[in-house]
There are 2 protein chains.
Amino acid sequence: MSEPKATNVHWHGGEINRLERAQLLGHGGATLWFTGLSGSGKSTIAVALEQALYQRGVLVYRLDGDNIRLGINKNLGFSAEDRAENIRRVGEVSKLFADGGVIVLSSFISPYIADRQLVRELHESDNMPFIEVFVDCSLEAAEERDPKGLYKKARAGEIKNFTGIDDPYEAPSTPEVHLRTDQQSLEDEVQSLLTLLEQKGLIPASA
Amino acid sequence: MSEPKATNVHWHGGEINRLERAQLLGHGGATLWFTGLSGSGKSTIAVALEQALYQRGVLVYRLDGDNIRLGINKNLGFSAEDRAENIRRVGEVSKLFADGGVIVLSSFISPYIADRQLVRELHESDNMPFIEVFVDCSLEAAEERDPKGLYKKARAGEIKNFTGIDDPYEAPSTPEVHLRTDQQSLEDEVQSLLTLLEQKGLIPASA
C-alpha cells in the first residue's frame, strides 16, 4: 500500500462532531460493505435496503460502480494495483460518509481479503461502524443470472481476469452478515440487515 | 472487473433520488468551495458556517486539505500533477456528498483556475449546486497570520512551490461569493453565505 506523502498536515478538530450529526439525524453513520460475485445480488439488496431505510427516515446513500468508476476512480483501470486502489479510495469515501452521519451502502465485488481488510481497518481505527455483508451465491447461480452478460463474455475470453472465471474470489471468513441469495428471499435479507442495524443501535427500533 | 452500469431496470427500480433525500432532510445538498491563500481564513469561515448551519438543523460536513490528505489522497504529493489530481478527487467526493443531500464545505487553496473549473463542471453537468467562495486576503495579511508557520518555511526555502511565494494563486474572476477576510468580520461573512443559501432555496429561510 502507498505510504503517506503529504507533510505539514494535521486533522482539524471540527466544531460539529459525529455525535452531534447523529443527534440531528436521529441515527448513526455506518458503512455496510457488500462483497460478492458479479450477479450475486449486491445491488439488488442495496437498493431494497436503501428503500427500507428511507421509509424509516434514515439518510442512506449508495456507492457502486455507477457513481465511482465513472467519477473519482475514472482514472483507474483493472490491473491488480488499480483494483486495490479502487477499493482503497471507495473505502475512504465510505468512511467520510459514515463520519458525515450517513448510512452508506457500498457494493463492490471486492474479491480480495487484503483489500477488504484494509477498508475495515480504515473504519475501525477511527471507531467508525463497519459491517461486512457477504452476498453469497454459487458461481453457477450468478452465471445463470448473468444480468449484464459479463460471464458470457468472460467465458468467451472477451473479458480477462473476471472474478469467478479466471480470477479468484476470496470469500470472507467472518463477515458480520452472511446472506445466501440463492436460498433466501430479498425480504428476509433486508429484514436481517435492518435488525442488525437496530441491534447495533445505529437506527431506532421500528414501531 | 468492477460493476459496470446496470442495465436491468429491476435492479435499480427502488432507487432513492436526490429530491427524496432533500425532502427527508428539509434542505438541499450543495458544494461550497472555499478557495484562497494559505492563512486566508478558509477553514475559519467553514467552521463558523458549519456551526451556524447545524444550529439551523442542516446536515453539513467539512472537507479540507488536512483530513483529505490523510485519507483518500494520502498517496498524492505536491507536484503539479498530484495537486491537480488532489483537487479532482476532492471535487468528486464533494459532488457525491452534495448528491447525498449534504451541504459540504470544501476548503482547499486550489490555486489554479483550470482545476476549479473542472470541479465546477463536474457539478454543473449534473445540476449539482456549486458555489465558489473566493476567500480573498492580501498575501501580506495571510503571511502575517501564518497559522501553521508555512510561509516562514517557504521563505526559508524549506517548502518549495508554495502558493503565493514561489507558485501562483490564480484568483477567481467570477466567484459566486467574494469575501475579503482582511476587511470583513467573520459574522458578516457567515451571514452573507447563509443569505445566499436561502436565496438559492437550498436551506429554509430563518424564522
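## A buried glutamate and its partners

B:Glu85 is buried, with a relative accessible area of 13%. This is a predicted model, so every distance and percentage below is computed from predicted coordinates. Across the boundary between the chains, the side chain of B:Glu85 meets that of A:Arg89 in a salt bridge, at 4.0 Å from N to O. The pair joins two chains, because B:Glu85 sits in helix α4 of chain B and A:Arg89 in helix α4 of chain A. A:Arg89 counts as buried too, at 4% relative accessibility.

B:Glu85 also has a partner in its own chain: a salt bridge links B:Arg88 and B:Glu85, at 2.9 Å from N to O. These two residues are three apart in helix α4 of chain B, so about one helical turn separates them. B:Arg88 is buried, with a relative accessible area of 9%. Salt bridges with shared partners build one network out of A:Glu85, A:Arg88, A:Arg89, A:Glu92, B:Glu85, B:Arg88, B:Arg89 and B:Glu92.

## Where the two chains meet

Now for the wider interface. In all, 56 residues of chain B are in contact with 67 residues of chain A. About 5700 Å² of area is buried between the two chains, and carbon and sulfur atoms give 63% of it. Three salt bridges are counted between chain B and chain A; B:Glu15 forms a salt bridge with A:Arg62, where the closest N and O atoms are 3.3 Å apart.

There are also 14 residue pairs in polar contact between the chains, with both residues at pLDDT 80 or more. On the chain B side, α1, α2, β2, α3, α4 and α7 each supply at least two of the residues that touch chain A. The largest share, nine residues, comes from α4(B). Sorted by class, this side of chain B has 24 nonpolar, 14 polar and 18 charged residues.

## Helix α1 of chain A

Which residues of helix α1 of chain A are buried? They are A:Arg21, A:Ala22 and A:Leu25. Their arc around the axis is only 100°, which puts them on the same side of α1(A). These buried residues pack against α4 of chain A, together with α1, α2 and β2 of chain B. The face turned away from the buried side carries the exposed residues A:Leu19 and A:Gln23.

The N-terminal end of α1(A) is capped by A:Asn17, which has a side-chain oxygen 3.1 Å from the backbone nitrogen of A:Leu19. After the helix comes A:Gly26, with a positive phi near 85°.

## A histidine in the loop

A:His27 belongs to the loop between α1 and β1 of chain A. Is A:His27 buried or exposed? At 5% relative accessibility, A:His27 counts as buried. Its side chain reaches the backbone nitrogen of A:Leu59 at 3.0 Å. Leaving aside residues up to four places away in sequence, A:His27 touches several residues, among them A:Ala22, A:Gly57, A:Ile103 and A:Pro204.

B:Asp82 lies in helix α4 of chain B and is buried, with a relative accessible area of 16%. The side chain of B:Asp82 reaches the backbone nitrogen of B:Gly77 at 2.7 Å.

A:Glu132 forms a salt bridge with A:Arg116, the closest N and O atoms being 2.8 Å apart. A:Glu132 is in strand β4 and A:Arg116 in helix α5 of chain A, so the pair ties together parts 16 residues apart in sequence. Both A:Glu132 and A:Arg116 are buried.

Notes. Residues are numbered from 1 along each chain as its sequence is written. Chains are lettered from A and ligands numbered from 1 in the order in which they are written. This is a predicted model: local features need pLDDT of at least 70, side-chain atom pairs count only at pLDDT 80 or more; totals for chains, interfaces and linings use all residues. Side-chain values use heavy atoms; hydrogens and water are left out. Contact means heavy atoms within 4.5 Å. Buried area is the accessible area (1.4 Å probe) that two parts lose on being put together, summed over both. A polar contact is a pair of N or O atoms within 3.5 Å; within protein, one must be able to donate a hydrogen and the other to accept it, and residues adjacent in sequence count only if both atoms are side-chain atoms. Helices (H or I, at least four residues) and strands (E, at least two) are DSSP runs, numbered from the N terminus. Ala, Val, Leu, Ile, Met, Phe, Trp, Tyr, Cys and Pro count as nonpolar, Asp, Glu, Lys and Arg as charged, and the others, Gly among them, as polar. Buried means under 20% relative accessible area, exposed over 50%, partly exposed in between (1.4 Å probe, protein chains only). The arc is that of the directions from the helix axis to the C-beta atoms.
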